[in-house]
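Open the structure in your viewer and get ready to select a few pieces in turn. Could you walk me through what there is to find at each stop?

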Amino acid sequence: MERRNFIKTGGLALLGTAALPRILQAQMSNRPADLSKMLTHFGVTENDLRRVITVALEKGGDYADLYFEHTLWNSLGLQDGAVNRASSDIQYGVGIRVVAGDQTGYAYVENVTVAEMLKAARTASRIASGPARTPPVKVDEQTFGNRYPILKSWEEATVQAKMPCLQKLNDRIFALDPRVTKVNASISDTTSYILYYNSEGTLCHDYRPMAVVSGMCIMQEGDRIENSYSSRAGRRDFTFLTDALVEEIAQEAVKDTSILFRAVKPKGGEMAVVMGAGGSGILLHEAIGHAFEADFNRKNISIFSDKLHQKICDEHINVVDDGTIDGDRGSINFDDEGAGSRKTYIVKDGVLNSYLHDRISARHYGVAPTGNGRRESFKCMPMPRMRVTYMENGDCSEADIIASVKQGVYVDKFTNGQVQIGAGDFTFFVKSGYLIENGRLTQPVKDVNIIGNGPKALADVTMVGNNLKIDPGAWTCGKNGQSMPVSQGLPSVLVKQLTVGGEG
């Protein structure tokens, strides 16, 4: 997984509505508040949906679904004191999936006409061979609570309305420290219209916002140059851009850059590691989160494939994947298979309680979907993916955790990581932290790798703090070529032994 800012460089020209189908040009300013408006937005009727599903199942198949998407993406960037980069992108189309046993047929079209959809449905249906199945006639509209209400949509926000936020962020970072030599800042916003229908008659729709604001600070002290960044992200509308947000990003970027001038690489080796609250949730994501995704377990790839309902760590540890946190980057009202979002205990009282399921794996295990079937776009098939993954609070203070360590490191800012699902081995890159010597934080450290094994690292968590924080940054998870927005969190924890890559 990596943390990135989604900046796409380009000229100062935005893609206009001329690139959209004519029906969409009329609908862009009218946010769909109900099903009829969403159907109109995509130019389809309920009868069209039933017709396409019927064709998708004409060669048999156990299940079929349609995933309509219209996404508008915009980015605005500041460099050298001026807003000088802007770009936009539009995705529009429908993906059609047919499932037959363990096999999946998939096709998509960007021209959402009945003729094109029927052609794609016949392509996807070729995965099956058998008598046609008749989907239910009745359409069952599903409604879900809204976890990202809109006061002012990004579609209503002009480039000119966004520019002051970037200029304020630039000016504030420069004002905070005379060593600042350069600032790069960006705002990206995404709006997605989603319409979903399946062969069980389930029909639902969503209007999904997303925003990322990022600031990079570059400082010079003598001949030495350092840089760091801060970002904030969430399923938020235009009202996300506040002076308080600017101040928060600026303060963090300057503080995290400034400390690097005093930082050194620690001596490498195996040692105790205290993971600070928040972004250290990458430990959960990389060390165990992917290994709990049910497709890896269904195929016996994951190291946890044979450990369901077994004790895997201390009984005081609870690990959650949650898609229901209001406004969070990883939250969703329903997943990309029409399953309502929910809070799932992956680990409960130290026991592996549940995998993270999409519809295919849920059917395999005979359980209900957990709302983790996600896809990058209508061009992709869904698969089990994390949303907001975190460990619940323990009963220790961070000060007590640090005081318990004679020699080790404290780490709190990360940039990326990766894991080998089968072996459970992981690594992630630490941007900054501190040495721990005799129970105290001493010398700042930077640019080190933390290396370990997921099940062992989880079993080696011996103290859990009472300061859970969900990291608010722009985390993005990659899997099988698909990237998804996610979040993660952690209270401060002590892992009694990990490998720290530093000086020899």
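Here is a short tour, stop by stop, through this predicted model.

**Stop one: strand S2.** Select residues 63–79, which form strand S2. Of its 17 residues, 16 are buried, so S2 is largely enclosed by the rest of the structure.

Click on Phe68 and look across to S3, where Val94 stands opposite. Then go to the hairpin of these two strands, which has 2 residues between them; here Asp80 takes a positive phi near 55°.

S2 has another partner to show you. Select strand S6, residues 180–198, which runs antiparallel to S2 and is joined to S2 by 15 bridges. Find His70, and you will see Tyr193 of S6 opposite.

**Stop two: Ser125.** Select helix H4, residues 114–125, and pick out Ser125. Is Ser125 buried or exposed? Ser125 has a relative accessible area of 0%, so it counts as buried, the cut-off being under 20%. Leaving aside residues up to four places away in sequence, Ser125 touches Val55, Ala56, Glu58, Lys59 and Val98.

**Stop three: an open sheet.** Next, show the 6 strands in the order S12-S11-S10-S15-S23-S20, an open sheet with mixed pairing. Its edge strands are S12 (351–352) and S20 (469–470), each pairing on one side only.

Within this sheet, select S10 (residues 319–322) and S11 (residues 343–348), which run antiparallel and are joined by 4 bridges. Val320 stands opposite Tyr345 in S11.

Key:
Residues are numbered from 1 along each chain as its sequence is written. This is a predicted model: local features need pLDDT of at least 70, side-chain atom pairs count only at pLDDT 80 or more; totals for chains, interfaces and linings use all residues. Side-chain values use heavy atoms; hydrogens and water are left out. Buried means under 20% relative accessible area, exposed over 50%, partly exposed in between (1.4 Å probe, protein chains only). Two strands pair if DSSP finds at least two bridges between them. Contact means heavy atoms within 4.5 Å.
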